[in-house]
There are 2 protein chains.
Amino acid sequence: MYLRYLEELDTSGQNTASSDELAELCHTTPAQVRKDLSFFGSFGKRGLGYPVHELTAHLREILGLEREWKIVIVGAGKIGAALANYDGFRQRGFQVIGVYDNSPSKIGHSWGEAVVRDMAQLDADVRAEDSVIAVIAIPSDDAQNVVDRIVAAGIRAILNFAPAQVTVPPNVSLKSVNMAMELEGLSFALTNNFSDRGAA
Amino acid sequence: MYLRYLEELDTSGQNTASSDELAELCHTTPAQVRKDLSFFGSFGKRGLGYPVHELTAHLREILGLEREWKIVIVGAGKIGAALANYDGFRQRGFQVIGVYDNSPSKIGHSWGEAVVRDMAQLDADVRAEDSVIAVIAIPSDDAQNVVDRIVAAGIRAILNFAPAQVTVPPNVSLKSVNMAMELEGLSFALTNNFSDRGAA
DNA sequence: CTAGCTTTGTGAAGTATTTCACAAGCGCCC
DNA sequence: GGGCGCTTGTGAAATACTTCACAAAGCTAG
């Protein structure tokens, strides 16, 4: 989140940003900002603040964003199609290199710029590439099977949109986005007057 | 998350579940399960575990899911269209009652079952309904404007898919899903061998 | 070069969350 | 009905996270 705002400040031409300023942007406290950043190093200048451009570069390095990441989308249903054409990924430097499905009615069909390929090909395609993140957008029932398969194909990071809790070996990173669960969280907040100021 | 697994156990006919069992399903610890549930009441029976069916009902009540929630999707772009037709919402009992956009080329166009209506109508439509959650699926630039507008229209809960940090008054609940940020989290995990076992 | 204003980096203090560990309750069997 | 095995609910201990507060710098101006 810091990176996002720093990039904004950078393009707007601002040279330095204080922890106060970053805190306000990120809805947190100056002390929090300083502790967070100090975990990775000592980037600021006392009396001045943090050098926006340099800190941006440092954070990109820390996050591993210097490397070019590629994405394969698994599942060419509604969500998969939307993600395949979602500009946000490209804008943040993630390149969608393929969309896969195992339904014959979808294979070969082209969606936007991407052509849907057979799941069976995913293995080979992924082994050829390095630095691939898989985005799972398939029905819950198949989720674990497909995940096991792409893990076997050598994928080390998965972003899961299937509303199912999938399990991966400890050397694989997994993040899940469960939209219905988010809605249920909002339902709870409303019902109990919590006014959940949810994370980014 | 407990609710999700309890429903599964319930349909599979299991009558009781111990904290050990729930912990394993949810990738947490038995003590955590017991503390979490005890916050809301004393649902279990010592020596036996938790009554699956009853606890399911309790959790649904706690989460406010007895009420029927309605959803309006704001933005008929790729993400909006996908969400409008996403079955997961319906499956979890959320009813999509409208899709809105302000681009004339999209208004009137029907997407799946929903017809895209003019944003200008949203005010009136929402005031007529109670228990509406807005799902924001528009470009970042407009996000804050649109959010201000629907808040003014009386919406009290927002699920934001725009990759922008929006601000809402304290009596409004907001959750944001930022897909690019999730990917960057995975990038960090991979680059630093963290093997992030991300939340649901 | 010093005084004064600003802002970082960081131990220490203060909160919050998680885990431990065990008494108390429940069901079952004899 | 009493003993036994199991599992909850919960204070207390342990751990994690956030905030405080202040010394150590840097910048500016005179």
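The largest share of the surface near DNA strand C, 6 residues, comes from H3(A). Here "near" means that a residue's C-beta atom, placed from the backbone, lies within 6 Å of the molecule or strand. Helices (H or I, at least four residues) and strands (E, at least two) are DSSP runs, numbered from the N terminus. This is a predicted model, in which local features need pLDDT of at least 70 and side-chain atom pairs count only at pLDDT 80 or more, while totals for chains, interfaces and linings use all residues. Residues are numbered from 1 along each chain as its sequence is written, and chains are lettered from A and ligands numbered from 1 in the order in which they are written.

**Around the DNA**

- DNA strand C is surrounded by 24 residues, and the closest are A:Gly44, A:Arg46, A:Gly47, B:Arg46 and B:Gly47.
- H3 of chain A and H3 of chain B are the elements that give two or more residues to the surface near DNA strand C.
- That surface near DNA strand C has 8 nonpolar, 10 polar and 6 charged residues. In this count, Ala, Val, Leu, Ile, Met, Phe, Trp, Tyr, Cys and Pro are nonpolar, Asp, Glu, Lys and Arg are charged, and the others, Gly among them, are polar.
- DNA strand D has 24 residues around it, of which A:Arg46, A:Gly47, B:Gly44, B:Arg46 and B:Gly47 come nearest.
- Helix H3 (30–40) of chain A and helix H3 (30–40) of chain B each supply at least two residues of the surface near DNA strand D, and H3(B) gives the most, with 6 residues.
- By class, the surface near DNA strand D divides into 8 nonpolar, 10 polar and 6 charged residues.

**How the two chains are related**

- Chain A superposes on chain B by a rotation of 180 degrees with 0.0 Å of shift along its axis (RMSD 0.1 Å). The two copies are thus related as by a two-fold rotation axis. The superposition is by least squares on the C-alpha atoms of residues with pLDDT of at least 70 in both copies.
- A:Ala82 is the residue of chain A that comes closest to the rotation axis, at 2.9 Å (C-alpha).

**Where the chains meet**

- Chain A puts 48 residues into the contact and chain B also puts in 48 residues. Two residues are in contact if their C-beta atoms, placed from the backbone, lie within 7 Å.
- On the side of chain A that touches chain B, two or more residues come from each of helix H5 (78–84), helix H6 (87–91), strand E8 (157–160), strand E9 (173–176) and helix H9 (179–191) of chain A.
- H9(A) provides the largest share of this side, 13 residues.
- The side of chain A that touches chain B has 27 nonpolar, 13 polar and 8 charged residues.
- The copies meet through the same surface, because 100% of the interface residues of chain A are also interface residues in chain B.

**The chain A fold and its sheet**

- Chain A has 9 helices and 9 strands, and its C-alpha trace spans about 65 × 45 × 35 Å along its principal axes.
- Among contacts in chain A between residues at least 6 apart in sequence, 51% join residues at least 24 apart.
- In chain A, 7 strands form an open sheet with the order E5-E6-E4-E3-E7-E8-E9 and mixed pairing. Strand E5 (110–111) and E9 of chain A each have a single partner strand, so one side of each is left without a neighbour in the sheet. Two strands pair if DSSP finds at least two bridges between them.
- Strand E3 (residues 69–74) of chain A runs parallel to E7(A), joined by 5 bridges, and A:Val72 stands opposite A:Ala134 in E7(A).
- Strand E7 (residues 132–136) of chain A is also parallel to E8(A), through 4 bridges, with A:Ile136 opposite A:Asn160 in E8(A).

**The buried interior**

- Of the 200 residues in chain A, 39% are buried. A residue is buried if 20 or more other C-beta atoms lie within 10 Å of its own, exposed if 12 or fewer, and partly exposed in between, with C-beta atoms placed from the backbone.
- From E8(A), A:Ala157 and A:Leu159 point one way and A:Ile158 and A:Asn160 the other way, and all are buried.
- The largest nonpolar core has 93 residues, and A:Val74, A:Val135, A:Ile136, B:Val74, B:Val135 and B:Ile136 have the most contacts inside it. Such a core is a set of buried Ala, Val, Leu, Ile, Met, Phe, Trp, Tyr and Cys residues joined through C-beta atoms within 7 Å.
- Beyond its neighbours within four places in sequence, A:Val74 is in contact with residues including A:Tyr100, A:Val135, A:Ile136 and A:Ile150.
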